[in-house]
Amino acid sequence: MANKSILVVGGGISGLTAALEAAETGQQVYIVEKKPYLGGKVTQVNQYFPKLCPPNCGLEINFQRIKKNPRINFFTMAEVESISGQEGNFDVTVKINPRFVNENCTGCNNCVDVCPAQRPNSFNYGMDKTKAIYLPHQFAFPMKYVIDMDACQGAQCGKCASACLYDAIDLNMQPKTITLNVGAIVWATGWDAYDANKLSYYGFGRYDNVITNVMMERLAAINGPTGGKILRPSDGKEIKSIAFIQCAGSRDENHLKACSSVCCLASLKQATYVREQYPEADIYIYYIDIRARGKYEDFYTKVEREANVQFIKGKAGEIKEDPSTKQLIVVAENQMEQKVEERAYDMVVLATGMAPATAVTKVPAEVAYDEDNFLISGSQPGIYAAGCVKNPLDVASAVRDATATALKAIQSTVRGQQ
């Protein structure tokens, strides 16, 4: 009998799409996600371009499809440890890390109220804090709390367990390992923002008011660290000027060689966030080339015509800080004027590129990668890459790619048994 089951590694938009499309054709699907929630990077986005609508409505539809489909099983806080076998018959070992909160959790928040320990909020890129026991974010699925044991004081505190009326907290919960037998594997572990600390000339990590584009997305979000208000991190003041620096780490032989595809449009979108909150603010965008192909060119043209939005063709070479005001001075060559210019801003946003998750965590199988560590799909029969682990994509493109990848995985479950 053919093994019609499929493993999807990664619960972001690509993984969810591949899983749902496969399950709704009759396949048994397992989703393995390392975070305590599904949805991936899309959950951290404030708005999609070009329509500028929030992403959580679309995610909720997918979560409802998962809830209603008995063919889908998912494991959060889980990682693939090993893969053996061949197309049509893979044995996969999965480690499930402890959440320290069990199925009895009702989300009442009593545990958070009494917790004395704090941790940087990774969902908001460390721009605020949560308690050691926390809900990953407002729309988390599953809607279950989790304990960060690196911050928790453990059994010697135990206040959360005492406050819980439902016996939902188990501070002694242990990891467990399961084995899955599947016919095909879709690897959809997504991307990470390129580490801006490696771009020392831009001062990220040294200058408070230099942030990344993913941080900007959270600043603008109503459930972000500032309640949706774009404020200077150094002093919480409103901004009067801001610079967006494109290709921060991308198209660079010393960092990411590839163009990250979506950064230009992300910065254009974020310029609209600033314009909406600060109609009089000066907005400058430093670019090498603007990538806004096809239907997205209309979005670029719209932003370009906005008042007080200036485009400077030239890669910023350096950022300096005035220590007395925390103003940032961007040094860049204006190629159109053929001169080096210095301009001061309240805040600078680095459009960091998309680095594949496989740059850090490889697939435990004999697969191939390109020079930027993006996974080459199908380099081992039966194992396929989907979404941004394969190449940089916007959300709509990632959904299309994941749908196509689901079809390839389904074909493998049949071909592997012939």
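I count rings of Phe, Tyr and Trp (its six-membered ring) as a pair if their centres lie within 6.5 Å; planes under 30 degrees apart are stacked, over 60 edge-to-face, and the rest tilted. My model is a predicted one, where local features need pLDDT of at least 70 and side-chain atom pairs count only at pLDDT 80 or more, while totals for chains, interfaces and linings use all residues. Residues are numbered from 1 along each chain as its sequence is written, and side-chain values use heavy atoms, with hydrogens and water left out.

**Aromatic pairs.** I looked up the ring pairs and found nine in the structure.

**Burial.** I call a residue buried under 20% relative accessible area, exposed over 50% and partly exposed in between (1.4 Å probe, protein chains only). F49 is buried at 15%, and Y296 is buried at 11%.

Next I checked F74 and F141, a tilted pair with 5.5 Å between centres and 45° between planes. F74 is partly exposed at 27%, whereas F141 is buried at 11%. Which residues do ring pairs link into a cluster? I noted F63, F74 and F141.

**Charge over a ring.** Here NZ of Lys or CZ of Arg must be within 6 Å of the ring centre and within 35 degrees of the ring normal. R119 lies over the face of Y134, 3.9 Å from the ring centre.
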